[in-house]
Amino acid sequence: MPKKTKKEMVRTPKGMHDVLHGDLRYVEKIMEKAQSIAEFYGFLPIQTPHLEFADLFLRPLGETSEVVEKQMYTFRTKGGDLFALRPEGTAPIMRAYQENGMSSWPHPVKLYYGGSFFRHENPQKGRYREFRQFGLEALGDSDAIIDAIVIKVLYLTLKEIGFENAIIHINSLGDKECRPAYKKELAGYYKKKFNYLCKDCKRRLKENPLRLLDCKEEGCAELRPQAPKMIDHLCEQCKNHFKSVLEFLDEGQIPYFLNHYLARGFEYYGRTVFEIFLETNDNEKIVDKKKSGEDASANNAVEKPSTAIALGGGGRYDELMAILGGKGLPAVGGALGLERVVNEMKRLNLPPQKTIQPKVFLIQIGPAAKKRSFRLMEELRAAGIPVGESLTRDNLKTQLNIAAKIGAKIVLIIGQKEAMEGSFIMRNMYESTQEIVMQNKLLEKIKSELKK
Ligand code: HAM
């Protein structure tokens, strides 16, 4: 912990930040869009705890995953339990499915969530230690259409916020039948290049060669384009499944890019994996729709992954329930990183949620007027009239200035005399007119004045 002088205020921990109203308006816009699209497609809301037993993440995410190796916040309780601040939301949803008897619900069980996740990353733009996600999980069905629906909800959310150029990088990792042969070939390829690998990858090669595909180290990244591709090793079922997913994406006019080296960071993924980027240049060629539908493996899309950071990602995790010790359960999901989406909205000048600027402003002068205002605010709220105020100020000019600053159309002034009489001075700021209005006519008068 950094040393503090006596007067120094405690600050937020590195990589964590307050989210102020300006940014929250962006978050609200994303969440509102995402929720309404997800609910339309039958997803139900769920919240899981921020703290879980660390075991929930260790094996499912993989001992060799970046998150488990380096980024989990864990601590031991006085009772000796090892807890983790949740680094992601998928394993907790699987736990919740089991714990809440969701196996008796109609399948697929479709759930969505939003909230904070924690990873001890090196903070930089788009990478924080506390970050927020909107996530979707569909449990209990292996039909390719559900993979496409998850992708569609995330894609449409971005599109309807105003992103015209979102693109899905997609790949299939096969299943436990066909993946081992691919991993073996991949390991063979990298073994020949062993001396060029970074320290972490030298170690990961033995444990899980798939991890090498998403290593960011320059030397390892340079070896990727010649590495064997999973698509050439998919079994018949996995190939058909992948082909179907792509056909649904074609049908939904969702642009995608076959990224043969997309592996994702977690152990639990199998079959479909995807990440969402904004297309920034013509590096990434969108797959010729007809061709991709006919034969995914014959696809000739440019194999140049984007260097930008992903706005979202996900995939199928049919083996996760078994890893957790339950009965097999096919499932698929995905999540958007809200901070990253907010950053891009700002960069592209996409509007946040509108803040309601009240068109009515209440001014009071003197103690009796202040008391009356206290009651009046509530009457206006009940009548559905947004009203601005500065009840702690007493000076007329100051209050008028504030009213002008927020662009109020109508100003209601209560002085000592009006407080006694039960009247108001109503000033139309746009027309510079003014009249006396009695309490019993006030709401009606405000409404007609606002309509003008
Ligand atoms: P993930 O790719 O680790 O997947 O995270 C999803 C998104 O969260 C990323 O694409 C990114 O936008 C955002 N994100 C991740 N880490 C950070 C960070 N340190 N700072 C800011 N944003 C970040 C998952 O978490 C899976 N649970 C998604 C999923 C759901 N797969 C299946 N279902």
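Author: The model discussed here is predicted, so local features need pLDDT of at least 70 and side-chain atom pairs pLDDT 80 or more, whereas totals for chains, interfaces and linings use all residues. Residues are numbered from 1 along each chain as its sequence is written, and side-chain values use heavy atoms, without hydrogens and water.

Reader: Which residues come nearest to the ligand?

Author: The shell around the ligand holds 26 residues, a residue being near if one of its heavy atoms lies within 4 Å. Strand 6 (130-139), strand 10 (312-316) and strand 11 (331-337) each supply at least two of the shell residues; strands (E, at least two residues) and helices (H or I, at least four) are DSSP runs numbered from the N terminus. Those that come nearest are E88, E121, E137, R264 and Y269.

Reader: Is R264 buried or exposed?

Author: R264 lies in the loop between strand 8 and strand 9, and its phi is near 65°, a positive value in a residue other than glycine. Buried means under 20% relative accessible area, exposed over 50%, and partly exposed in between (1.4 Å probe, protein chains only). Because its relative accessibility is 13%, R264 counts as buried.

Reader: What is the relative accessible area of Q253?

Author: Q253 lies in the loop between helix 9 (236-251) and strand 8 (256-258). Its phi is positive, about 55°, although Q253 is not a glycine. Q253 is exposed because its relative accessible area is 63%.

Reader: Which residues have the most contacts inside the largest nonpolar core?

Author: A nonpolar core is a set of buried Ala, Val, Leu, Ile, Met, Phe, Trp, Tyr and Cys residues joined through side-chain atoms within 4.5 Å. The largest has 104 residues, and helix 5 (residues 144-161) gives the most to it, with 12 residues. A second, separate core of 17 residues includes I385, A419, V437 and L442. In the largest core, the residues with the most contacts are I170 and Y190.

Reader: Which residues is Y190 in contact with, leaving aside neighbours within four places in sequence?

Author: Contact means heavy atoms within 4.5 Å. With those sequence neighbours left aside, Y190 is in contact with L197, L205, L212, L213, L223, R224 and A227.

Reader: Which elements do the buried residues of helix 12 pack against?

Author: Helix 12 is mostly covered, with eight of its 10 residues buried. One of these is N343, which counts as buried because its relative accessibility is 18%. N343 is in contact with K125, G126 and Y128, leaving aside neighbours within four places in sequence. The elements packed against the buried residues of the helix are helix 1 (21-40), strand 6, helix 5, strand 9 (272-278) and strand 11.

Reader: How far apart in space are A91 and L58, C-alpha to C-alpha?

Author: A91 is found in helix 4 and counts as buried because its relative accessibility is 0%. Leaving aside neighbours within four places in sequence, A91 is in contact with L56, F57, L320 and L324. Between A91 and L58, 33 residues apart in sequence, the C-alpha distance is 10.0 Å.

Reader: What separates the C-alpha atoms of K370 and Q416?

Author: K370 sits in helix 13 (residues 367-382) and is partly exposed because its relative accessible area is 31%. Not counting residues up to four places away in sequence, K370 touches Q364, L391, T392 and D394. K370 and Q416 are 46 residues apart along the chain, and their C-alpha atoms are separated by 9.3 Å.

Reader: What is the omega of the peptide bond from H107 to P108?

Author: P108 is placed in the loop between helix 4 (90-99) and strand 5 (109-118). The bond from H107 to P108 is cis, with omega near -5°.
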